[in-house]
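Reader: Could you walk me through this structure, starting with how far I can trust it?

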Amino acid sequence: MSSRYVTVDGNEAAASVAHRLSEVIAIYPITPASPMGELSDEWSANGKANLWGQVPRIIEMQSEAGAAGAVHGALQAGALTTTFTSSQGLLLMLPDMLKVAGELTPFCMHVAARSIATHALSIFGDHSDVMMARPTGFAMLCSSSVQEAQDLAAVSHTATLKARVPFLHFFDGFRTSHEVSRIEALGDEALRALIGDEDIAAFRDRKLTPDAPVIRGTAQNPDVFFQAREACNSFYDAIPGHVQAAMERFAKLTGRAYRLFDYVGDPNAERVVVLMGSGAEAVRETVAHLNAAGEKVGAVIVRLFRPFDPQAFSGAVPSSAKALAVLDRTKEPGAPGEPLYQDVVTAFAELGRPLRVVGGRYGLSSKEFTPAMVKAVFDELKKDQPKNHFTIGINDDVTRRSLAWDEAFELEPKDVTRAVMYGLGSDGTVSSNKQTIKIIGQEAERCAQGYFVYDSKKSGAITISHLRFGPRPIHSTYLVRSASIVACHYAPLLERHDVLESAAPGASFLLNTHHAPDKAFDYLPREVQQQVLDKRLRFFVIDGFKVAREAGLERYISTVMQVCFFKLSGVLPMEEALEHIRHGVEKAYGKRGSEVVKRNFAAIDAALANLHEAKVPSKLNGALPRPPVVPKEAPDFVQRVTATMMAGKGDLLPVSAFPVDGTWPTGTTQWEKRAIALEIPKWDSAICIQCNKCALICPHAAIRTQLVDPKSLGEAPKSFVTMDFKAKDFGASPSGAPWKYSLQVAPDDCTGCGLCVNVCPARDKVNPRHKAIDMSAIEPLRDAERTNWKFFSGLPYVERTAVAADLKASQFLEPLFEFSGACSGCGETPYIKLVSQLFGDRMLVANATGCTSIYGGNLPTTPWTKNRDGRGPAWANSLFEDNAEFGLGMRLAVEAQEQLAQSLLKQLGSSVGDALVKALLEASQGDEAGIAAQRDRVVELKKKLVGTAGPDAKKLLQLADALVKKSVWIIGGDGWAYDIGYGGLDHVMATGANVNILVLDTEVYSNTGGQASKATPIGAAAKFAAAGKAIGKKDLGLLAMSYGNVYVASVAMGAKDAQTLKALREAESYPGPSLIIAYSHCIAHGYDMERGCEQQKLAVDSGVWPMYRFDPRRIATGEAPLQLDAPPPKTKARDYMKNEGRFRMVGLRDPKRYEELVAAQEEFAARRRAVYEQLAAVHVTREKKEA
Amino acid sequence: MGADLSTTWLGLKLEHPIFPGASPLVDDLDMVRRLEDAGASCITMHSLFEEQLVAEQMAAHRHLDAWTELNAEAQGWFPATADFALGPDTYLEQIRKIREAVRIPVVGSLNGTTPGGWLEYAKLIEQAGAHALELNLYALPSDPQQAAQAIEQEQLLILRKVKAAAKIPVGVKLSPFYSSLPHFARSLEAEGVSGLVLFNRLYQPDIDPESLALSRVLHLSDPSELLLRLRWLAILSARLKVPLACSGGVHETEHALKALMAGASGVQLVSELLKNGPRRITLIRDGLRMWLDEHEYDSVHQLVGSMNLERSPDPSGYERANYVKLLQGYHR
C-alpha cells in the first residue's frame, strides 16, 4: 500500500480517523481537545464524507454532559458515534460513559489528556483526567505520539466494534495533541480493510427501533442487579485479544506494528521503566542511548491500559528484569500508589513473579520530561533500595520524594537541526513555523517536529516555538535545550527572558531589531552580550517590522522571519525554500485574494536583502544589565516566587516555595511591568473636560484620574500635570485648598488599545483631530510617565464616603482589578473593573472558568488587588459549570456568619453595650457612609471584645467583620451563563438569594477560540456556525424576568455608560438575585477593538442589543418593573453588522444567506422590542388595603 | 411608424438610449430581470473597486488571519474559511448570472486608481461574459506634490493596460475635475476609448457640526446636476468623435432629451431608478418616443448633438459668457 506523508498535530491525526468512521459527532469545546471537534466541523461543513460516503453530522452541545447524553442516544438508535474531550469535560461525561459501557455499546471517544483542576486549574497535559474514567468500564488505549494518535485511533474504532465494549483512546494534551509532526497517513483503503462490515451490521441490529422494540435502561432490584452486572464479564475477558488482533491486522496493512505492551531496549535488561503516553518517546530515546553505552535497560510502553492484561504485561517484561520503575503521569493523594503502579504490583503479585517494583510520578501539567530525568530513574533502579513513590522533574524539598537529575545530560543528535524562536502572539511566528515544518516535512521529505509554548496572557503574549528537523522520525518529546538557531522576533523580550539560554555553542542568533548591523550588539543587555561572546554565537539582524511595514503587512512579520530562518538554517537550498515559502503563502492566503499574497511576496523578496550579519566585538561594551524582574519594594513572596515565574524560570522553584492549598496573595499584576504598548495616551489638560470616560473604559485600569490635594504636590515630579478641578461636588481638599485634577497613564501597563482616545469626547476646537488624550509614540514619553505614575500611585484616593453616585465620581474610586492579561481593548474588563471600584472592598467573587478566570486568575500574576486598608475582592474559581451554585454557597456562608455574629452580639449585649449592639444590628448599610459607619462600629466592638472574657466573645471577635455588609458577585461569560451553567444559574435565581450575577456576554466562547454559544446572535459566523447562526440569541434576561423576583439589566457600557453604572448599583442594592447581562466586544468579533464602543452604540441604536432594567421593587409602587433604557431603533441592524468580521464573513461567503440573516436579525430585534414594550407597559394594580 | 430610437454605445447597438448606470441594482438578479422587462437597453454593472478589494482582503487578513496561533487555548477565533472569496469572484459570478438571465448587453465596470496588477480583472470581466467595459477613473488628488499631468498620464496608462488586457470595447467614466477636460478627453480618444461617460458622481462627505465628525450619507442625484453635464456634453461632442453618455441628473423625459441634444448617445439612470423603480425607464423611453414623434424627428440620431457647441443656435452660451449673461438678464 502506498504511503503518504502528512504534517499534522495529534488532534488532527486522531480526528481524521474519527471523522471518517462516524455518522454523528457530538462535542463541546475544551482545551486541548477543541481542535478535534473544530476540524470535524470544518470537514463536514466542506462536505467531506465518512468512509461510507455520508457527511458526519456535527452537533455542539451545551456541555460535555450534554454531548455525552447525545452520544448515548445516537448510539442507542444505531449511529456510529464519536466525541472528543478532555479534563473536566471527561468528568462530566462519566455518568453516561458508565451507561454506554454497561450496555456494551461499541463507541470510541478521543481524549487529549489534561490535568484535572485541584489546587489550581491547568489546561496542560497529564493523565489525571483519564484515570478518573478507569471505573467506567471503558477500554482505554493510549497513544504516545502523533503517528500513534492516528494509528491507535483506528485500532480503537476497530476493536470497539468487535468487542462491543466502548473505547477511550487518549494521548497527552499539548505534547501530542498540539505537536506538529510528519507522519505516515492512514488511507481510506486501510481503514476500510480494518473495520469489519459485519461488526457494524451487528451494531445496527442492536439499535432501538419500534420495528423490533426492546427496552434498555431498566431499574433492577437486589434480586438481579448483581448477576446481571456480572453478565458482561466474558466481553471484557475478550478485549485484549480483539485489540491485539486489530493491531496485527493494522500492521499487515500499514507495516506499523503495535502490541498491548510494547517493549523497547535490551532483551536482557535488568532495569525496566513502565509508562504510557508521550513520555514513552523520551524513554525510548534514552534507552537506546543507554543500551549503546552497554547498560542493560529497557522500557515497557503501555498501550492497552484497560482492561489491564497481567499476562500480556508480564510477557513484555524480560525475564532478566530485576527492578521496575512504574511512572504515572497523575497523582492520587492517599492511594497506596498511582494507578499504573498498582496495576503492575497487582499483576506481579497475582502471577507470583517476584520483582522489585517502585512507582514514581512525573510530568504533571505538561512538566518537562527529558532524557536526563529518564536516566535518573534508571540510575535510581541501580540502587539496592531504590526510592519508592518518588517524583521526577521537580525539586521536592519538603517531603524529599524527588529524584535529582543531571541537567547537563542530553541526547540531541548532531544531524538534527534545532531552532527556538521567541515571538509575540500577534506577529505570526507560530503560524509561519507551522508552515515551515510543513514545508520541510512534506515537500522535502524530511522529518520535522514543532512544539509551541504560549504564555497565558491574552495581550502581548509570548510564544516560543521549538522546531526539530532531521533525517529520521523524531521522538524527542521535550523542549529544545540546545538549538543551532535561536531567533528573537521582538527585541524587548531580551530584557525579560533568557532567550539565549537554549543557544548551543556556535549557534546563530537572529534578532528582529531596528538597530543597524554595526550597532545592534551595543543595544543588547549585558547578559545577552556575555552569552553571545561566551557561546561564540553568530549574530544576525533584520528590521523585520520595517520590511513588513514597507510591504504593507503592518506588524505581521511571519514570512519575513521565515525567510531568515531558511537562510540561516540552510536546511534547504535557498531558491527551493523561497519557492516553498511562496507556495505556502499562496496556499494560506490565496483565499483572501491576490493582495495579501502580493504583499507577502514583496516581504519575502525584501527579507533576504535586509538580513545582515551583525558585528560582534571581542568584549563587552559596557551595556546595562537587565533590570531586575520586579523592583526591590515588591513583597518577599513576589520577589522569591512570582518573579522567578515571571522570568520563565518557574520550573526551578522547589515545592517549599508554594502555598500548600492553592491560596495566593492578590494584587500581583502591579509587579509585572510588561511594557507592551507602542503608543500610549497623552493628556492635554487644556482641552480635558474631566468626564473620566477614559478611565472608565480602560480595560487594564492603566489610565486613571484622581483628585489631588495641592498640598501633596510638593514632591511631584516636574513633569506631573494637574489642572483645577472643575466640579464643586467634592468640596475642598483636606488642606482646604481647592482640589486639583490629575489624569495619569501607567505607561508599562497600558496595552495601547486606543479605547480611551476613542471615547474621549473633548476635541480641540481649532483642530478637532486633537483630543484631550491622543495616542502618541511611547518612547519619548516613557521615562517621564513612569516617574509620574509612581508619584500618582502614591497619592491618596478620595474618601469613598465623599464619592457621589454618578459616573464621573465613580472613577475617583480605586480600581481593585488592574493590569490584567486580558486582550488589548477587551470589552469585558471595564465592567469588572467598575464593579471592583464600586463594591470591591466588601466583595466576594465566584468566577466561572473562561476568559475571566484566565486573565483574572492565571499565574504568575493576578489582577484582583486590595486597597490601602488591606481590603479587596476575595476571588475563587470553582468550575465552568457550577459557578452560580458556587457563588450561592458563598452567599449562604456569608449569611450564616452574619446571623451567628448577630446572635452572639445579642447574647453579649450587656458586656458590649446595648446602644452599640442596637446600632450594629439596625445599621443601614445602603451607601458608603452607612458601610463606613458600620466598620467604625465593628472596630469599637472588637475593642470591647478584646477585653471581654468567655468563649462567645472570642467567637464574636473572629466573626465581627461579618456584620459589615458583603457583596457576592457571580461572574462569568456567556458560555457559562447561557450554556453549561444555565441550569445552575436558573436555580440560583429561583432561590431568591441575594447574589449579583454579572454575565460578560461576548456572544461566543472566547477563551476556547470562538465556538458558537446560545448567546451568538443571528448572522454571526462562529465555529460550529460557520455559515452564520440562523437561530436567534437566547433571551436570558427575559427568562430571568419571568420569575418576577429577579433584578435584570441588559447593559452596554460603550453605548450608555451611565445606564451601566445605574444598573450595577441597583443590582447590588437589590436584596435578591440580580442578573446583569453586559455586552462585551471581543476580538472574536473580527474588528479593531479600538472601535468597540462605537459598535456597542450601533448595537443598541439598531436594536440588536436591548438596553433595559427590570427592577422587582417597582412592582410595589405600582410601576412597571421593566424600563427600556434605549429608544426605538434609530438605525438598521445592517449598519451594525457590516462592521464586524463575524457577520461580514457570512456575506463574503454567501451574500444571499447574509441578506436573509440580516433581515432575520432585524425581524428578531423588532419582535423582541415589541415584547419588551408591552412588558414595560404592564402595571400590576394593587388592591388598596382597607383603612 | 414611430421614430428610430436605436443608438450605439460602447460599440453596442442598443434599441434606445435609456439604460441604468452603474449601481447596486445589479446585485439582485430579480431586479436585473425587472430592468430588462422595463425596457432597459443594456445593463451596467456597479464597479469592481480596486480600493475595496484591497481593503477587504487586508482587513480580513488583519482581523481573521492575524488572530491565529497566539494562545494555547485558541488556535484562532473564527471558523476555517476555505471558501470565502475576497477577490473578484463574486462579482464575476454575478456577471455570468446576469448574462444568463437577460438578453440585453451587459457592461462591466472597473474602478481603480493605480496602474497595478488589478487591471488583469478587465480580462476576467471579459471572460465572465461582459460585452463591454466601463472604466471608472476615480482620482481624488490630495497630495500637492502630484502634478495634474502626472495624474493624467497615469490614467492614460491605465486605459492602455486595460485595453491591452481585454478585447471588448472600453469606455471611461470621468470626473468633471480636469483643467482641460477636452484635452484629456482627446487623449483618451487617441488611446482608443470607445465612449466617455459624463460624469462620475464622487462620494461627498458631509460635516456634522455637533459631533465634529464627517458624516457618510449617500446623496442621490437631483436635476440640478444635469446642467454641468449638458455643458460638457455639448463641448466634447462638438470636438470629439467618441460617443458620450450622460450620467447624473436625469429624472424626466425632458432631461434625457436635453442630454441627447447636448451630445449624449446614451443616457444613464441611477438615482431615479433607486427612488422610483425600473418602470421609470419605460416611461422615459416612451416619453422620448412620443416627443420625437410629436416633433416629427425620424430618429435619435437627428437629436444627438443637435444643441452642442457646434450646432446650437447660440454656441457662446456654453462658454464663459453664460454666467455673465444670466446676471445681465437678471438686472434688466
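Author: Chain B has a mean pLDDT of 89, and 94% of its residues reach 70 or more, where pLDDT is the predictor's confidence in each residue, from 0 to 100. Over residues 326–332 of chain B, however, the pLDDT is below 50, and this stretch has zero contacts in the model beyond near neighbours in sequence; two residues are in contact if their C-beta atoms, placed from the backbone, lie within 7 Å. Where pLDDT is low, the predicted coordinates should not be read in detail.

Reader: And what scores does the model get, and how are things numbered?

Author: The model scores ipTM 0.86 and pTM 0.93. It is a predicted model, in which local features need pLDDT of at least 70, side-chain atom pairs count only at pLDDT 80 or more, and totals for chains, interfaces and linings use all residues. Residues are numbered from 1 along each chain as its sequence is written, while chains are lettered from A and ligands numbered from 1 in the order in which they are written.

Reader: How many residues does each chain put into the contact?

Author: Chain A gives 43 residues and chain B gives 35 residues. On the side of chain A that touches chain B, the elements giving two or more residues are α2 (34–45), α15 (429–443), α21 (594–610) and α41 (1141–1149) of chain A; helices (H or I, at least four residues) and strands (E, at least two) are DSSP runs, numbered from the N terminus.

Reader: What does T463(A) touch?

Author: Not counting residues up to four places away in sequence, T463(A) touches G423(A), G425(A), T429(A), V430(A), F452(A), Y454(A) and L70(B). T463(A) lies in strand β19 (residues 462–470) of chain A.

Reader: Is T463(A) buried or exposed, and why?

Author: T463(A) is buried because 26 other C-beta atoms lie within 10 Å; a residue counts as buried with 20 or more such atoms within 10 Å of its own C-beta, as exposed with 12 or fewer, and as partly exposed in between.

Reader: Switching topic, what is the order of the strands in the open sheet of three?

Author: The order is β25-β27-β26 (chain A), with antiparallel pairing, and two strands pair if DSSP finds at least two bridges between them. The edge strands, each pairing on one side only, are β25 (703–708) and β26 (723–724) of chain A. Two bridges join β26(A) to strand β27 (residues 740–745) of chain A, and D724(A) stands opposite K740(A) in β27(A).
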